[in-house]
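Visitor: I'm new to this one. Can you walk me through it?

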Amino acid sequence: MNIILSTIGTLQNPKESAHLTTINLAKELQALGHNIYIITEKVKNQPTQITIDNITIYRPYRTTFLSKLLSHPLAIHKIQKEKNIEIDIIHSFSATPIFALNTFIGKLFTKNAKTIHTIKSYSREKNGNRGNIFLRLVDKVTVPTKTHAQELNLPKNKINIIYSPVNLNKFKP
């Protein structure tokens, strides 16, 4: 399968949890034989494309207004065109439900991609936890706790609880 992992984080710091979990998930999926493409935010003075541990990370051009809304979907379109592939799964990660709209728009650039949006934590932004209606646009939603699942008020068949993993080889309790 051709899988997009899309995150609003920048994945600059290799010790950051978003970097660790996204790269580790990509490695696991790659080990299962899938083609993985990571899309993340553009960072000033950073290349728009880099490879870490055999995984390509795309950092599309950033415009002020449309960045969060269109940069990832346009990157999906670009990857499909450059690689001559169809994306099967778009899995996005954020702390805000509104980013699911970005995932839905990305799906419009594919033929039949399934969409998953993971809410990894509560948003630090004042209105960041609003926009739950956008979660209804994706096929599945995952959250780290039962409480978070209940607060989103989504149909039970749309939401899954996946507890946050801790790599015990790196972190000791």
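Predicted model: local features only at pLDDT ≥ 70, side-chain atom pairs only at ≥ 80, totals over all residues.

Visitor: Where does T118 sit?

Guide: T118 is part of strand β6.

Visitor: Which residues does T118 touch, leaving out those up to four places away in sequence?

Guide: Those are H91, S92, F93, S94 and T142. With T142 there is also a polar contact, side chain to side chain, at 2.5 Å. T142 belongs to β7, and T118 stands opposite T142 there.

Visitor: How do β6 and β7 pair?

Guide: They pair in the parallel sense, over 3 bridges. From β7 the chain crosses through helix α4, residues 146-152, to β8. That β-α-β crossover is right-handed.

Visitor: What joins β7 to β8?

Guide: 3 bridges do, and the two strands run parallel. V143 stands opposite I161 in β8. V141 stands opposite I159 in β8.

Visitor: Back to S94. Which strand holds S94?

Guide: S94 is in strand β5.

Visitor: And is S94 buried or exposed?

Guide: S94 has 0% relative accessibility, so S94 counts as buried. The side chain of S94 also makes a polar contact of 3.0 Å with that of H117.

Visitor: How far is S94 from I8?

Guide: Their C-alpha atoms are 6.2 Å apart. Along the chain, S94 and I8 are 86 residues apart.

Visitor: Zoom out. What is the strand order in the sheet?

Guide: The order is β3-β4-β2-β1-β5-β6-β7-β8. This is an open sheet of 8 strands with mixed pairing.

Visitor: Which strands stand at the edges?

Guide: β3 (49-52) and β8 (159-161) do. Each has a single partner strand, so one side of each is left without a neighbour in the sheet. On average, neighbouring strands of this sheet are turned by 25° against each other, direction ignored.

Visitor: What packs on the sheet?

Guide: Helix α1, residues 17-31, packs on it. α1 touches β1 (2-7), β2 (35-39), β3, β4 (55-58) and β5 (89-94). The direction of α1 makes about 160° with that of β2. Helix α3, residues 99-107, lies across β1, β5 and β6 (114-119). α3 runs at about 165° to β5.

Visitor: Stay with α1. How many residues does α1 have, and what does α1 reach from first C-alpha to last?

Guide: α1 has 15 residues and reaches 21 Å. That is close to the 21 Å expected at 1.5 Å a residue.

Visitor: Which residues of α1 are buried?

Guide: They are A18, H19, L20, T22, I23, A26 and L29. What covers them includes β1, β2, β3 and β4.

Visitor: Why would residues three or four places apart in a helix point the same way?

Guide: Because an α-helix has 3.6 residues a turn.

Visitor: What comes just after α1?

Guide: G33 is found there, with a positive phi of about 100°.

Visitor: New topic: β4. Which way do its residues point?

Guide: I55 and I57 point one way from β4, and T56 and Y58 point the other way. All of these are buried. In a regular strand, side chains alternate between the two faces of the sheet.

Visitor: How does β4 pair with β3?

Guide: The pairing is antiparallel, over 4 bridges. T56 in β4 is the bridge partner of T51.

Visitor: Last stop, L70. Where is L70?

Guide: L70 lies in helix α2, residues 67-83. L70 has 27% relative accessibility, so L70 counts as partly exposed.

Visitor: What does L70 touch, not counting residues up to four places away in sequence?

Guide: L70 touches N102 and I105. L70 and G106 are 8.1 Å apart in space, C-alpha to C-alpha, and 36 residues apart in sequence.

How values were computed: Residues numbered from 1 in each chain as written. Heavy atoms only, no water. Pairing = 2+ DSSP bridges. Axes fitted to C-alpha atoms, helices over the stretch in contact; angles between N-to-C directions. Contact = heavy atoms within 4.5 Å. Buried < 20%, exposed > 50% of the residue type's maximum accessible area, 1.4 Å probe, protein only. Polar contact = N/O pair within 3.5 Å; in protein donor to acceptor, adjacent residues only side chain to side chain. Expected span 1.5 Å × (residues − 1). Right-handed = clockwise from strand over helix to strand, strands pointing away.
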